[in-house]
Amino acid sequence: MITFFNQLHARHQGKFEMFRGELVPCFEVPARVDHVLAELEKRRLGLVVVPEAFDGSVLLGVHSQRYLDFLASAWDEWVGLDVANAERDALPSVWPVRTLRSEVLPSNFAARMGLFSMDAGSPLTSGTWEAARAGADCALSAAVAVAGGERAAFALTRPPGHHAGADFFGGYCFLNNAALAAQQLRTQGFERVAILDLDYHHGNGTQAIFYERADVYFTSIHGDPQTEYPFYLGYADELGAGAGRDFNRNWPLPRGTGFDVWRATLQQALSDIAKFGAQALVVSLGMDTFVGDPIAGFTLQTQDYLQVGEDLAKAGLPTVFVFEGGYAVADVVFSNPGMSLKAEEVENF
């Protein structure tokens, strides 16, 4: 399997995020991806390459122009307000909630920051745009590789993407890499594409982007939003709308869910993808389903992920994997050589 690695990911490195009412050091850090890269190289699991640079216009297949304009210029505007801001990240503090207007673009920076965000846990830093933009190139390159005949490709990047909507960031996400990959697969000629989100947290941004479309099927296995972020989306009764009716399926599971129940749910989701007639698959690969993750609540163990890989391979679809969450990846260690993927298993992807 070929891996497209975001060499610029560490340019986005937030200092603090708002978590449960206080500023805490960010959970989403460069070491997450660096560890995965080191393991890929140590185990020789295929080529690791830099992505192709895509023209910015391709982002418009998923995101709005005014949102992209904001992200591209936000840091310079932030520092322009006060030179001391160069030493501190930008966090939103006000939002256009119900009854307030969102179609008007305010001139005030703080107001626009709130307009284009969903939480105060996603710091915008000096290198956020560069890192997110290079990450989008990873996802797009992976999709092009799969469309060109690769059985599977992995976009190894951060910041993650599945919480980012067409015109907002949040949940550590700024550009929606999975959505961009799916849209690129459509552009490359796949008529029916499925997105399978395996992150502990529901991919609200991805769902919203494709909610009224019948050509991209979205399904997600995640913590119940009654108690888990992002709280306001990811319920089982969200089935799509308009042309997209019945092309959206959510599988919310309670905190503490173990692998047997989780895997049975995965098999149901894969069965639905087969019924949809998907010709290609995008997997939002969140590793925060692991039992030791600090901000999640499922109990998957290291060895369980080998069975997940086998189940995904049996789906028999050209697949783009996009790295999402996972905040204890260094603990998901295949220390026993017998637990490592064999070369023929890697080839199955």
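## Basis of the model

The structure is a predicted model, in which local features need pLDDT of at least 70 and side-chain atom pairs count only at pLDDT 80 or more, while totals for chains, interfaces and linings use all residues. Residues are numbered from 1 along each chain as its sequence is written, and side-chain values use heavy atoms, with hydrogens and water left out.

## The sheet

An open sheet is formed by eight strands in the order 4-1-5-10-9-6-7-8, with parallel pairing. Strands (E, at least two residues) and helices (H or I, at least four residues) are DSSP runs numbered from the N terminus, and two strands pair if DSSP finds at least two bridges between them. Strand 4 (48-49) and strand 8 (248-253) stand at the edges; each has a single partner strand, so one side of each is left without a neighbour in the sheet.

Strand 6 (residues 193-197) and strand 7 (residues 216-223) run parallel and are joined by five bridges. Leu196 has Thr219 of strand 7 as its bridge partner. Helix 7 (residues 259-276) packs on the sheet and touches strand 6, strand 7, strand 8 and strand 9 (280-285). The direction of helix 7 makes about 175° with that of strand 7; angles run from 0 to 180 degrees between N-to-C directions, and axes are lines fitted to C-alpha atoms, for helices over the stretch in contact.

## Strand 5

Five of the five residues of strand 5 (residues 152-156) are buried, so the strand is largely enclosed by the rest of the structure. Buried means under 20% relative accessible area, exposed means over 50%, and partly exposed lies in between (1.4 Å probe, protein chains only). Ala152, Phe154 and Leu156 point one way from the strand, and Ala153 and Ala155 point the other way. In a regular strand the side chains alternate between the two faces of the sheet.

Strand 5 pairs in the parallel sense with strand 1 (residues 2-5) over four bridges, and Phe4 stands opposite Ala155. Strand 5 also pairs with strand 10 in the parallel sense, again over four bridges. Here the bridge partner of Ala153 is Val320 in strand 10.

## Nonpolar cores

A nonpolar core is a set of buried Ala, Val, Leu, Ile, Met, Phe, Trp, Tyr and Cys residues joined through side-chain atoms within 4.5 Å. The largest has 49 residues, and Phe70, Leu71, Leu185, Val282 and Val320 have the most contacts inside it. Helix 4 (residues 128-147) supplies the largest share of this core, nine residues. A second, separate core has 41 residues, including Phe154, Ala194, Ala269 and Leu281.

Contact means heavy atoms within 4.5 Å. Leaving aside neighbours within four places in sequence, the contacts of Val320 include Ala142, Ala143 and Val146, together with Ala153, Leu185 and Val282.

## Helix 4 and helix 5

The axes of helix 4 and helix 5 (residues 177-187) come within 8 Å and cross at roughly 35°. The crossing is right-handed, a term for the near helix being turned clockwise from the far one by less than a right angle, left-handed being anticlockwise. Residues of helix 4 including Gly135, Ala139, Ala143 and Ala147 meet Asn177, Leu180, Ala181, Gln184 and Leu185 in helix 5. By class, this contact has 10 nonpolar, three polar and no charged residues. Ala, Val, Leu, Ile, Met, Phe, Trp, Tyr, Cys and Pro count as nonpolar, Asp, Glu, Lys and Arg as charged, and the others, Gly among them, as polar.

Helix 5 is mostly covered, with nine of its 11 residues buried. Among the buried residues are Asn177, Gln183 and Gln184. The buried residues of helix 5 pack against helix 4, strand 6, helix 6 (204-210), strand 7, strand 9 and strand 10 (319-323).

Thr125 lies in the loop between helix 3 (109-115) and helix 4. Thr125 counts as buried at 4% relative accessibility. Not counting residues up to four places away in sequence, Thr125 touches Arg11, His12, Gln13, Gly14, Trp75 and Asp89. Thr265, in helix 7, is buried with a relative accessible area of 4%. With the sequence neighbours up to four places away not counted, Thr265 touches Ile221, Trp251 and Leu253.

Pro294 is in the loop between strand 9 and helix 8 (304-314) and counts as partly exposed at 44% relative accessibility. Pro294 touches Phe27, Tyr327 and Ala328, not counting residues up to four places away in sequence. Pro294 and Phe27 are 267 residues apart along the chain, and their C-alpha atoms are separated by 8.5 Å.
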